[in-house]
There are 2 protein chains.
Amino acid sequence: LEEQRHVADRFVALDWGTTNRRAWLVADGAVLRETRDGEGVASVDPGGFPSAAARAAAALGAEGVPMLCAGMAGSNRGWADAGYVPAPATLADLAAAAIRPAEGVAILPGVSMVDGARGDVMRGEEVQLLGAAAAGLVPDDALLCQPGTHAKWARVSGGAILDFRTAMTGELFALLRAHALIGHTMREGQAEAGTAFEEGVDASADGDLVVQLFGVRPASLLGLRPEADAASYVSGLLIGADCRARVRPGDAVWLVAEPGLGDLYAAALARLRAEARIVSSRDAFLAGITRLRELMA
Amino acid sequence: LEEQRHVADRFVALDWGTTNRRAWLVADGAVLRETRDGEGVASVDPGGFPSAAARAAAALGAEGVPMLCAGMAGSNRGWADAGYVPAPATLADLAAAAIRPAEGVAILPGVSMVDGARGDVMRGEEVQLLGAAAAGLVPDDALLCQPGTHAKWARVSGGAILDFRTAMTGELFALLRAHALIGHTMREGQAEAGTAFEEGVDASADGDLVVQLFGVRPASLLGLRPEADAASYVSGLLIGADCRARVRPGDAVWLVAEPGLGDLYAAALARLRAEARIVSSRDAFLAGITRLRELMA
């Protein structure tokens, strides 16, 4: 009987992003195996999702095991559109709105919010945010931030995402580096925490991003800043602007991040005299998806 | 004798930009002919400038006539590096720093400024700005703005550029439209003055550009704004942020622009209850370059 119960509690957790995916075989809340590959939603043809999912299960030695998907698999460019649940949203709300596009497969919705004329959405991050709260990795009422291409900032309280904002900070940095006139200067170095990064964070105080960004090349032409420091300075400008809009000195921010990715945000927050603590995004996701599996049993 | 004097006062004025150039044959302050072509500095090989200049003169029927060049011809990627004169800068300062890379050819320097850690440069716009002042097209003390890929804002007083800032407003709009995730949404319509543009100007009040820009796609996903309005909204956000950083209600701004190009800035300034007046950039350039020619005689 005990063995049968174990079999019933096994599931594949799939965090299926646009360009990558991670999968875990979970049994009774413990990870048995995990894999990561580049078969993101963008690389899967319409109609190709059942076989793409089966390949993820096979890589875990878990053919036929029930699967719970979060992330872009539930978008209108994914396996099936799971829509959004409006904030405030709890894990129970997500579980109740999951869709089942195939036998043994469930896909979670994202979370949306509307505040006057401003709308925002997330898809995948909600499992980490609510998982961090459910596992007690963050306090009952906390400001969480997930740095990245699209940084998510969320107020999580009483097990619900109350409010959130997405900042295109990482995407903007990448766009400027690849395509802007200042990109040539930015490509002379890597963005890293240090004096130039902190100068960028300080410069973001005047709220004049369009001027500060243009100034990167003149600063190099006029000998005010070495070209090698330009990427760090721009990173400080953008992350500084992002953090300043949401944080006051003394605030605590819980950074839900992979190791390394949160370092620049932690440096900016320190410069703004806010308190940053890093929470493992993997631990947070696994806590969330396991709780969702229980809620859907 | 009168005829000889006329011959001596003829010159070719060349506004030589990165991708385009305009040339005028000027005699005693009057334009005899003008041309415009796509032979910008970026299309000229090193060593190719004398013949490229000769082609501009030939198009005006002005072979061998003295030539005065402004703009990127004087950059380190142009004919010869004419450097920068530091602000505050007058037409006399520009005239005194012109270089002469060939017989009968003079190239004007740009203008630089350093304010603490912030540096800025212009090259070509200074002729328009100071020309507008010299010709009385703007008051003796005025805030001037040249909209464009890199919008220039300058305080011109007593015939000198006292201070200026460059905003990469136009470049950022083009980058986002061509390369950002929101670019797909932005390409559904053209940026134009109207309700969506004004909503963007209003939204720029919260100073949270990285969040407002990300919100363009969710607003479309959630049915808050038609996709066709996205370009106008983003234009309003960016131009609104640019204007707000420099203008208070009741301020007067003199837009030095080609017809049409200043309209969006005029709309944003009106929304911010500032007063916008448009000055012809062609008239301003011709007034400036003619005065420079006199100063260099």
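**Close-up 1. The lining of the largest cavity.** By class, the lining of the largest cavity has 4 nonpolar, 3 polar and 2 charged residues, where Ala, Val, Leu, Ile, Met, Phe, Trp, Tyr, Cys and Pro count as nonpolar, Asp, Glu, Lys and Arg as charged, and the others, Gly among them, as polar. This is a predicted model, in which local features need pLDDT of at least 70 and side-chain atom pairs count only at pLDDT 80 or more, while totals for chains, interfaces and linings use all residues. Residues are numbered from 1 along each chain as its sequence is written, chains are lettered from A and ligands numbered from 1 in the order in which they are written, and side-chain values use heavy atoms, with hydrogens and water left out. The cavity is lined by A:Gln212, A:Gly215, A:Val216, A:Ala219, A:Arg225, A:Tyr233, B:Ala117, B:Arg118 and B:Gly119, and its volume is about 40 Å³. On a 1 Å grid over the protein atoms alone, a cavity is a set of points where a 1.4 Å probe fits but cannot get out, and lining residues have an atom within 4 Å of a point; grid points are joined across faces, edges and corners, and a volume is the space filled by probe spheres set on the points. By this rule there is 1 cavity of 30 Å³ or more. H9 of chain A and strand S10 (118-122) of chain B each supply at least two residues of the lining, helices (H or I, at least four residues) and strands (E, at least two) being DSSP runs numbered from the N terminus.

**Close-up 2. The second largest pocket.** About 1400 Å³ of space lies in the second largest pocket, a pocket being an open set of points with protein on both sides within 12 Å along at least five of seven lines. Its lining has 43 residues, and B:Gly17, B:Thr18, B:Met72, B:Arg123 and B:Glu125 lie nearest its centre. The lining divides into 16 nonpolar, 14 polar and 13 charged residues. Among the elements that each supply at least two of its residues are H9 of chain A and, from chain B, strand S1 (10-16), helix H4 (125-134) and helix H12 (281-295).

**Close-up 3. The interface of chain A and chain B.** In this view 40 residues of chain A are in contact with 40 residues of chain B, contact meaning heavy atoms within 4.5 Å. The two chains bury about 3500 Å² between them, 70% of it on carbon and sulfur atoms; buried area is the accessible area (1.4 Å probe) that two parts lose on being put together, summed over both. In chain A, A:Met168, A:Val210 and A:Phe214 lose the most area to chain B, together 18% of what that side buries.

**Close-up 4. A salt bridge between the chains.** A:Asp208 forms a salt bridge with B:Arg246, and the closest N and O atoms are 2.6 Å apart. A salt bridge is a side-chain nitrogen of Lys or Arg within 4 Å of a carboxyl oxygen of Asp or Glu, and the count between chain A and chain B is 2.

**Close-up 5. A salt bridge within chain A.** The side chains of A:Glu34 and A:Arg282 meet in a salt bridge (2.4 Å, N to O). Because A:Glu34 lies in strand S3 (residues 30-37) and A:Arg282 in helix H12 (residues 281-295) of chain A, the pair ties together parts that are 248 residues apart in sequence.

**Close-up 6. Backbone features in loops.** The peptide bond from A:Ala87 to A:Pro88 is cis, with omega near 0°, and A:Pro88 is found in the loop between strand S5 (84-86) and strand S6 (89-90) of chain A. In chain B, the peptide bond from B:Ala87 to B:Pro88 is cis, with omega near 0°.
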